[in-house]
Amino acid sequence: MIRLILASLMFFLPAFPAMAQDWALDGMDPVSYSTDNAAVPGRSDLTTLWRGKSWHFASEHNRSTFEANPVAYAPGLGGLCVVALSEGRSEPGNPRYFLVIGQRTYFLRSERARQRLMADPQHVLMRAKA
């Protein structure tokens, strides 16, 4: 019986790192960016699947809000760094460095990039979208 349990564990253990890779926003709550102006870690027991990723939430209310309109809470420009895009490069943004402009959350690669976006958001966004 113990061998069966160990064999079962060995079968499922390799899947756990792969599952963690499917976490959207590194497990940050997408609704908290706009409601709390903070990168708030989501709880592992409050998730929903959307576009092949597991989205985590800090509260049931945030999960319900997201599920009602997920596109509104997904990061702009596919989560890529806005400043890098404005410079002609495609680099992933870091969910811990963000800026909410209008009603959209944008990610940046670093605090320095965040400061650059804050200095001239309209110009940087216009170049990034172009």
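The lining of the largest pocket comprises 10 nonpolar, 3 polar and 2 charged residues (nonpolar: Ala, Val, Leu, Ile, Met, Phe, Trp, Tyr, Cys and Pro; charged: Asp, Glu, Lys and Arg; polar: the others, Gly among them). The model is predicted, with local features requiring pLDDT of at least 70 and side-chain atom pairs pLDDT 80 or more, whereas totals for chains, interfaces and linings use all residues. Residues are numbered from 1 along each chain as its sequence is written, and side-chain values use heavy atoms, without hydrogens and water.

Of the 15 lining residues, Leu25, Trp55, Pro75, Gly78 and Gly79 lie nearest the centre of this pocket (an open set of points on a 1 Å grid over the protein atoms alone where a 1.4 Å probe fits, with protein on both sides within 12 Å along at least five of seven lines; lining residues have an atom within 4 Å of a point). The volume of the largest pocket is about 280 Å³, taken as the space filled by probe spheres set on the points.

Strand 1 (residues 43-50) pairs with strand 2 (residues 53-57) in the antiparallel sense through 5 bridges; pairing requires at least two bridges found by DSSP, and strands are DSSP runs of E with at least two residues, helices runs of H or I with at least four. Threonine 47 has histidine 56 in strand 2 as its bridge partner. The two strands form a hairpin with 2 residues between them, and arginine 51 in the turn has a positive phi of about 50°.

Strand 3 (residues 94-101) and strand 4 (residues 104-108) also run antiparallel, joined by 5 bridges. Valine 100 is partnered by threonine 105 in strand 4. In this hairpin, with 2 residues between the strands, glycine 102 adopts a positive phi near 65°.

Arginine 96 and aspartate 26 form a side-chain salt bridge at 3.4 Å, N to O (a side-chain nitrogen of Lys or Arg within 4 Å of a carboxyl oxygen of Asp or Glu). Arginine 96 belongs to strand 3 and aspartate 26 to the loop between helix 2 (15-21) and helix 3 (30-35), so the pair ties together parts 70 residues apart in sequence. The whole structure contains 9 salt bridges.

Mean pLDDT (the predictor's confidence in each residue, from 0 to 100) is 89 for the protein chain, with 84% of residues reaching 70 or more.
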